[in-house]
Amino acid sequence: MSGLQLMWRNTRMVVLCAISAALYAAVLVPFKVVPLIPGVTELRPANAIPVVCSFLFGPAAAWGSAIGNMIGDFFGGASPGDIFGFFANLVYALIPFKVWETIGGGQSPVPRTPLLAVKYGFACLVASVLCADLVGWGDNVLVIRPFAMLGNVIILNNMVSALVLSPFILAAVYPRVRKGRLLYGDVMPELKLRPLASRITGIALLIVGGGGAWLLGNLLSTGFWQPRFLPAWMNVAPYDKAVLILVSPMIFLAFAGLALM
């Protein structure tokens with residue numbers, strides 16, 4: 001993840017980060033008045049922006065997504081759970097381009113063929129799952145709301161935007177940004193890909209960790225699974241301790257995978 005640090009030394013990447021954050025916040029804020037779950041989350045067509053910016057601006061989009069979401073949270077009422085939202089939105093925009101570097105075969109991320117569409121959907125799904133994991137895990141551990149409440153809605157919200165809106169935006173802007181040599185690879189040619197084996201291992205760990213966290217978070221937070229190896233006092237609602245003990249290792253595993261990509 002060195003690109004997340006190196007980009008701050010590049011003025012153009014900092015500007016692209018600011019543009020990503022401004023775009024995200026500008027679309028996010030007006031829809032704060034259209035709640036999906038009142039007081040919890042709202043309709044978020046803005047979630048198409050981090051995916052588009054990820055493929056265009058790489059690490060600049062990751063920071064831009066985190067900052068843009070934080071700006072949006074201020075308009076909806078800040079809470080301790082917003083800390084997890086910051087990092088969740090960072091990985092939401094970080095993962096798509098990192099995954100695409102390995103599975104994209106050097107092609108444009110605009111899903112013009114069935115195979116590209118499958119690869120594109122896979123990259124978005126992996127990003128959406130870890131994004132949902134972080135928010136669901138954080139809120140459950142802080143006893144704000146159960147993992148299952150946001151862990152599934154966020155995936156649905158992200159994927160609808162990423163599959164319905166993002167491809168059209170990408171088709172419109174990606175060729176122009178590439179022609180203007182403003183893709184992150186053009187702006188920061190010093191960013192080098194890790195060895196292929198490392199990236200493949202990273203994606204595998206990301207899938208296992210992200211998927212495992214999502215599954216365990218749902219089973220534990222709903223009380224559907226109450227592990228007998230844990231003390232009985234941990235297996236009671238809101239199941240924050242069980243989620244902390246069993247979901248946390250999966251979250252760390254996913255981040256270990258991300259670090260290898």
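Predicted model: local features only at pLDDT ≥ 70, side-chain atom pairs only at ≥ 80, totals over all residues.

1. Residues are numbered from 1 along each chain as its sequence is written, and side-chain values use heavy atoms, with hydrogens and water left out.

2. Helix H2 runs over residues 11–28 and has 18 residues; helices here are DSSP runs (H or I, at least four residues), numbered from the N terminus. From first C-alpha to last, H2 reaches 26 Å, close to the 26 Å expected at 1.5 Å a residue.

3. The buried residues of H2 are Met13, Leu16, Cys17, Ser20, Ala21, Tyr24, Ala25 and Leu28 (buried means under 20% relative accessible area, exposed over 50%, with a 1.4 Å probe and protein chains only). They lie on the same side of H2 because they cover an arc of only 165° around the axis, taken from the directions from the helix axis to the C-beta atoms. Thr11 and Ala26, on the other side of H2, are exposed.

4. Which helices supply at least two residues each of the lining of the largest pocket? They are H1 (2–6), H5 (82–103), H9 (166–179) and H10 (184–187). H5 gives the largest share, five residues.

Definitions and conventions:
Expected span 1.5 Å × (residues − 1).
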